[in-house]
Amino acid sequence: MGKPTGFKEIPRQERSYAPVADRIRHFDEFVIPLSDEQLSAQGARCMDCGIPFCHQGCPVNNLIPDWNDLVYTGDWREALEMLHSTNNFPEVTGRICPAPCQESCTLNITDEPVTIKSIECAIVDKGWEMGWIKPQVAAHKTGKRIAVVGSGPAGLAAAQQLARVGHHVVVYERQDRIGGLLRYGIPDFKLNKKLLDRRIAQMRAEGVEFHINRHIGVDIPARQLIDEFDAVLLAGGSEQPRDLPVPGRDLEGVHFAMDFLRANSKVVQGVPGAEEYLISAKDKDVVVIGGGDTGSDCIGTSVRHGARSITQIEIMDRPPEKEDKDLVWPDWPHKLRTSTSQEEGCERMWNVLTKEFLDDGNGHVRGLRCVKVRWERDEQGRMQMHEIEGSEFELKADLVTLAMGFVHPVHEGMLEELGVALDARGNVRGGTEGRDAYRTSIDGVFAAGDMRRGQSLVVWAIREGRPAAAAIDEYLMGRTDLPR
């Protein structure tokens, strides 16, 4: 694939970013793409490695060497066809995926992986620019009706696949716009929502029917869907946030991260009346609890609000600067990563446990009482946390966001009404192999995405939605041609 000696001759080149001082003044995307010539050269670096470990790293099994080679040779349209054969929304993954494929690239052994993510994004962006991406309307209708609950990446991927084989698909979303996590959970400076609107328009043309402000289990009985549709897909995501039940948790100014991000995104996207519910970080001392992507998004949003200071605390150890390739490659490595939002300005602290939120005397948070911790393995090899005596300290804060992840789907409402079986972690129980793949304990009801597998990446949600669509198609028709 590519030029046989390209990886020796051509230096690695990645997309760049607008200067921090410029990009923090707005909520627009700030990535500066490579030129077609530069991308062709980067595609040439994809070596004929024999075993494409990038396939193993990519949850949707993108045919990466194939479209790298097509970009190298200038066949962009064929590259687009190849890319879409495994991924419904590459304009999304090409922007927000952490790119485990690049960590698995053979050239990453020397820390010079092919710029897979940049090439992927460029292929689909060119496809839209050239007008190559059009609705794929099914030639024949099956007469089968399928309800999809949730319009995040899993629900949308499944809906598009099912519509393209002729089923009538109805998507229900409890928010006021379609997109789930993609719409309001991911800041616009990482994913411009015009890209999402464009895909949704394509899906409407393909026959997908969308309903907003429809909270299944609240506005509409969940059992009604079972009665009215031939199959139901539960794709509502893992939305129950992990809480921090310490003294002072009920103080004003302490918010779940998703509430903070959703309120801001609605203002940025011009939702009428959204300004009334904005949680502003302007001129505030912000503390973000949680070191993952959601916490990073809180940082980038707070910077753009004009926060006075931002501190991100993490209870775990500081990761190593660099992984040991001999031990972990081609798997996803545990190492220190710094996001663009973190580069924009924040203090990062590790091994910090929050003991209490402090009251300013008027019911509003004024700070956190924290303690340093260390982690040690017990006799069974399990990591145990120990507070370090005498290490208590306070952090000033008048806005705190809890970005500690999500524990499982919301059980109240739809899931309790259906009585669907849950696994030990509180997710909807269902496997991924055989005839029972993605089936729940209720006949005709399927589950995919974070609702089934737990909190994960957008690319994993797409990966779940596609084979779930195949499982539903086979359930309804006795066979399926959709990819698994």
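Predicted model: local features only at pLDDT ≥ 70, side-chain atom pairs only at ≥ 80, totals over all residues.

Student: In the open sheet of five strands, what is the strand order?
Tutor: The pairing in this open sheet is parallel. Its edge strands are strand 5 (209-211) and strand 18, each of which pairs on one side only. From one strand to the next the twist averages 20°. The order is 5-4-3-6-18.

Student: Which residue in strand 6 is the bridge partner of Ala147?
Tutor: Strand 3 (residues 145-149) and strand 6 run parallel and are joined by four bridges. Within strand 6, the bridge partner of Ala147 is Val232.

Student: Helix 20 packs on the sheet; what angle does its direction make with that of strand 6?
Tutor: Helix 20 touches strand 3, strand 6 and strand 18. The angle between the direction of helix 20 and that of strand 6 is about 165°.

Student: At what angle do the axes of helix 10 and helix 20 cross?
Tutor: Two packed helices are described by the angle between their axes and the distance between the axes. For helix 10 (residues 153-164) and helix 20, the axes come within 7 Å. The crossing is right-handed. The angle is roughly 35°.

Student: Which residues of helix 10 make the contact with helix 20?
Tutor: On the helix 20 side, the contact is made by Val458, Ala461, Ile462, Gly465, Arg466, Ala469, Ile472 and Asp473. On the helix 10 side, the residues are Pro153, Ala154, Ala157, Ala158, Gln161 and Leu162.

Student: How many aromatic pairs does a search of the whole structure find, and what is the angle between the planes of Tyr172 and Phe229?
Tutor: The search of the whole structure finds six aromatic pairs. Tyr172 and Phe229 form one that is edge-to-face, at 6.3 Å centre to centre. The angle between their planes is 90°.

Student: How many residues apart are Tyr172 and Phe229, and is each buried or exposed?
Tutor: Tyr172 belongs to strand 4 (residues 168-172), and Phe229 to the loop between helix 13 (222-228) and strand 6 (231-234); the pair links distant parts of the chain, 57 residues apart. Buried means under 20% relative accessible area. Tyr172 has 10% and Phe229 has 6%, so Tyr172 is buried and Phe229 is buried.

Student: Which parts does the pair of Phe446 and Tyr475 tie together?
Tutor: Phe446 and Tyr475 are edge-to-face, 5.4 Å centre to centre with 70° between the planes. Phe446 is buried, at 0% relative accessibility, whereas Tyr475 is partly exposed at 25%. Because Phe446 lies in strand 18 (residues 445-447) and Tyr475 in helix 20 (residues 458-477), the pair ties together parts that are 29 residues apart in sequence. The parts are strand 18 and helix 20.

Student: The charged end of which residue sits over the ring of Phe189?
Tutor: Phe189 is in a cluster linked by ring pairs, together with Tyr17, Phe27 and Phe30. A charged end also sits over the Phe189 ring, 3.9 Å from its centre. It belongs to Arg304.

Student: How far is the charged end of Arg249 from the centre of the ring of Phe256?
Tutor: The charged end of Arg249 sits over this ring. Its distance from the ring centre is 4.9 Å.

Student: Asn61 and Tyr438 have positive phi; is Tyr438 buried or exposed?
Tutor: Phi is near 60° at Asn61 and near 65° at Tyr438. Asn61, in the loop between helix 4 (53-57) and helix 5 (64-72), is partly exposed at 40% relative accessible area. Tyr438 lies in the loop between helix 18 (414-418) and strand 18. With a relative accessible area of 3%, Tyr438 is buried.

Student: What is the phi of Gly361, in the turn between strand 12 and strand 13?
Tutor: Strand 12 (residues 352-359) and strand 13 (residues 365-377) pair antiparallel over seven bridges, with Glu356 and Arg369 as bridge partners. The two strands form a hairpin with five residues between them. In the turn, the phi of Gly361 is positive, at about 95°.

Terms used
Residues numbered from 1 in each chain as written. Heavy atoms only, no water. Phe/Tyr/Trp six-rings, centres within 6.5 Å; stacked < 30°, edge-to-face > 60°. Buried < 20%, exposed > 50% of the residue type's maximum accessible area, 1.4 Å probe, protein only. Lys NZ or Arg CZ within 6 Å of the ring centre and 35° of its normal. Pairing = 2+ DSSP bridges. Axes fitted to C-alpha atoms, helices over the stretch in contact; angles between N-to-C directions. Contact = heavy atoms within 4.5 Å. Left-handed = near helix turned anticlockwise from the far one by under 90°.
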